[in-house]
Amino acid sequence: MTAKKASAALISVFHKDGLEPIVKKLDELGVTLYSTGGTEKFIRDLGINVVPVEDVTSYPSILGGRVKTLHPKVFGGILNRQDNESDVSQMKEFDIPQLDIVIVDLYPFEKTVASGASEQDIIEKIDIGGISLIRAAAKNFKDVLCVSSMEDYEDFLNVISEGNGSTSLEDRKRFATKAFNISSHYDTAIFNYFNKEKEETVLKISETKGQVLRYGENPHQKGFFFGDFDAMFSKLHGKELSYNNLLDVDAAVNLMGEFKNDDPTFAILKHNNACGLATRSNIHKAYVDALAGDPVSAFGGILISNVEIDKPTAEEIHKLFCEVVIAPGYADDALEILKSKKNRIILVQNEIELPDTLVRTCLNGVLVQDKDSKTDTKEDLNPVTDKKPTPEEIEDLIFASKLCKHTKSNTIVLAKNKQLCASGTGQTSRVDALNQAIHKAQSFNFDLNGAVMASDAFFPFPDCVEIADNAGIKSVIQPGGSIKDQLSIDYCNENGLAMVMTGTRHFKH
C-alpha cells in the first residue's frame with residue numbers, strides 16, 4: 001500500500017514564513033508535532049501542543065545549539081522501514097517515535113556569504129543537523145515525506161489537505177527529489193566557498209532556478225535557461241526571451257560593460273556581434289550613429305544603452321524592428337513609445353555582479369576559463385612606430401579595442417570618431433576579416449581616411465597594415481607577439497602609419 005497516514009511530524013525550520021497554516025492543518029488532522037528551539041516556541045505561541053525533541057532524546061540542546069537532533073531516537077524515527085519486522089521490533093524496544101513527516105530547512109549559507117559576513121559567521125551557517133535530517137527523510141521516502149524548503153510549503157499544504165493526512169508514494173518521492181536538489185546545491189555552495197582559490201581542480205555548478213525555453217538554437221532542439229534572470233533584469237514588456245535572444249543579450253551586456261562609465265554609448269548587436277556602436281554627447285545621437293554603422297543588419301537586433309533612454313531616442317528606435325531593448329532606465333514617455341510594439345522585449349538592467357569564469361561543454365567534458373577581464377587602456381599602449389597616434393586617435397584606438405575584444409575571432413574593427421565603421425567577424429583569415437570590414441564600411445559610405453584599425457591578435461605578415469593603409473587608415477592597435485612583428489612596423493614607418501601594441505591578445509571563439 002503506497003498511501004500512508006501521517007501520525008507524527010518533526011518541524012524545525014529557520015524560515016517560518018508560511019509555516020502557520022501547515023502547523024494548524026497538521027494539528028487539525030491529529031498529527032503529533034515534535035520540534036526544537038525557535039520553531040518549538042513558534043508552534044507553542046500558536047496555542048498548539050508540541051513535544052520538545054529533548055523529551056524524546058532525554059538530552060538537552062548542547063554546544064550553543066550545534067547539537068539538538070543528532071540522536072538515534074530522532075534518526076531512528078525517520079529511517080526505520082515500516083515493513084521490516086526487525087526495524088519495527090527495535091522501534092518498540094528503544095521506545096522510538098515514528099516520524100512520518102519531516103519539515104526542515106537549512107541555514108542561509110549563500111545569503112550569509114553574499115552579505116559579506118565574517119568567516120566565523122559564514123561557518124556557523126553550515127548546517128549539520130538540518131542537512132542530515134533532510135537526507136535521512138528523503139532517503140526513506142518510502143515511509144516519510146520530507147519538506148526541505150519554504151518554497152514547498154504551499155505544495156505540501158495542498159498534498160496533506162487533499163489527502164486528509166495521507167500521502168502517496170508518488171508525492172513522497174517527488175518531495176525527496178526536491179530535497180536532494182536542495183542538499184546537493186547546499187553542499188556545492190559550501191565547497192565553492194572553501195575552494196575560492198581553486199586549490200582543488202574541480203568543477204561544481206548548481207543552479208536551482210531554471211526555465212524551459214520555447215526551443216533551443218533551432219526549433220527541433222530543446223532549450224533551457226538556468227540562472228536568476230529576474231535578479232539581473234526587470235522585464236517591463238514583450239514576449240518571452242528565446243535561447244538565441246539570451247545569447248545576444250549576454251553578448252550585449254558584456255560589450256556595454258566596457259563602456260559603463262563612458263559618455264552616452266549605444267550598441268546594436270546581431271548574432272552576438274556588434275553591427276553598430278557609437279559614443280556621443282547624448283544618447284539620441286549615439287543611437288543614430290550606431291544605427292548608421294549597419295542599418296541593414298540592425299533589423300531584428302538587440303539594442304543596448306549605457307544610460308537612460310529618452311523620448312527622442314525611443315522615437316528613433318520605434319522606427320526599427322528590433323527584438324530586445326536594454327537600458328539602465330527609461331523616461332516615462334520613452335517607455336510608452338517602446339511598449340506600443342506588442343512583442344518588443346524591454347529590459348531594465350540591474351546592478352549585479354557577473355560570474356568571473358566562463359563555462360562551455362567540449363567533447364565529453366567541460367572547458368572552464370577566467371573571464372577576459374582585461375580592458376586595454378591608454379597606459380597599456382606601447383607605441384612601436386616612428387609616428388605616434390594623436391590624442392584623438394588614441395581615443396578611437398581604445399574604443400575600437402573594447403569592441404574588438406567582444407567580437408568573434410578572427411576579427412578586425414574599423415572605427416572613427418568613436419563610431420564603429422565596420423568589422424570583419426569570425427573569419428578564418430585576418431586578411432579576409434580586414435577586407436570584409438573595408439568592403440562593408442565602403443558600402444555604407446564611410447570615409448575611412450583617418451580611421452583606426454583594431455585586431456584581436458597579432459599580424460603574422462605586413463599585408464594587413466598595407467591593406468589598411470591603402471584604405472586610408474592611419475593608426476593601428478594590436479597585441480603584437482609575432483616573430484615577424486618588425487615587418488609590420490617597418491611598413492608603418494615607411495608609409496606614415498602609427499601603430500601601438502598592447503601585449504594582450506583578445507581571442508573570442
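## Strands β21 and β22

Strand β21 (residues 452-455) runs parallel to β22, and 3 bridges join them. Two strands count as paired if DSSP finds at least two bridges between them. Helices (H or I, at least four residues) and strands (E, at least two) are DSSP runs, numbered from the N terminus. Ala454 stands opposite Ile477 in β22. From β21 the chain crosses through helix α18 (residues 463-470) to β22, and this β-α-β crossover is right-handed. Right-handed means that, with the strands pointing away from the viewer, the path from the first strand over the helix to the second runs clockwise.

This is a predicted model: local features need pLDDT of at least 70, side-chain atom pairs count only at pLDDT 80 or more, and totals for chains, interfaces and linings use all residues. Residues are numbered from 1 along each chain as its sequence is written, and side-chain values use heavy atoms, with hydrogens and water left out.

## Around β22 and β23

β22 and β23 also run parallel, joined by 4 bridges. The bridge partner of Val476 in β23 is Met499. The chain crosses from β22 through α19 to β23, in a right-handed β-α-β crossover. Helix α19 (residues 485-495) lies across β22 (475-478) and β23 (498-501). The helix runs at about 150 degrees to β23. Axes are lines fitted to C-alpha atoms, for helices over the stretch in contact, and angles run from 0 to 180 degrees between N-to-C directions. Contact means heavy atoms within 4.5 Å.

Both faces of β22 are covered. Ser475 and Ile477 are buried on one side, Val476 and Gln478 on the other. Buried means under 20% relative accessible area, exposed over 50%, partly exposed in between (1.4 Å probe, protein chains only).

## The mixed sheet

These strands belong to an open sheet of 6, in the order β18-β23-β22-β21-β19-β20, with mixed pairing. Its edge strands are β18 (382-383) and β20 (420-424), each pairing on one side only. Strand β19 (residues 412-415) pairs with β20 in the antiparallel sense over 4 bridges. Ala415 stands opposite Leu420 in β20.

## The parallel sheet

A sheet of 5 strands is also open, in the order β4-β3-β2-β5-β6, and its pairing is parallel. β4 (51-52) and β6 (145-147) are the edge strands, each pairing on one side only. Strand β2 (residues 8-12) and strand β5 (residues 101-104) run parallel, joined by 4 bridges. Ala9 has Ile101 as its bridge partner in β5. Helix α8 lies across β2, β5 and β6, at about 150 degrees to β5.

## Helices α4 and α8

Helix α4 (residues 72-79) packs on helix α8 (residues 129-139) at an angle of about 30 degrees, with the axes 8 Å apart. The two are therefore roughly parallel to each other. The cut-offs are under 35 degrees for roughly parallel, over 145 for roughly antiparallel and 65 to 115 for roughly perpendicular, with the rest oblique.

From α4, the contact uses Val74, Phe75, Ile78 and Leu79. From α8 come Ser132, Leu133, Ala136, Ala137 and Lys139. By class, the contact has 7 nonpolar, 1 polar and 1 charged residues. Ala, Val, Leu, Ile, Met, Phe, Trp, Tyr, Cys and Pro count as nonpolar, Asp, Glu, Lys and Arg as charged, and the others, Gly among them, as polar.

## Glu40

Glu40 lies in helix α2 (residues 37-45). Glu40 is buried, with a relative accessible area of 15%. Not counting residues up to four places away in sequence, Glu40 touches Ser35, Val50, Pro52 and Glu54. Glu40 and Pro52 are 12 residues apart in sequence, and 6.9 Å apart in space, C-alpha to C-alpha.
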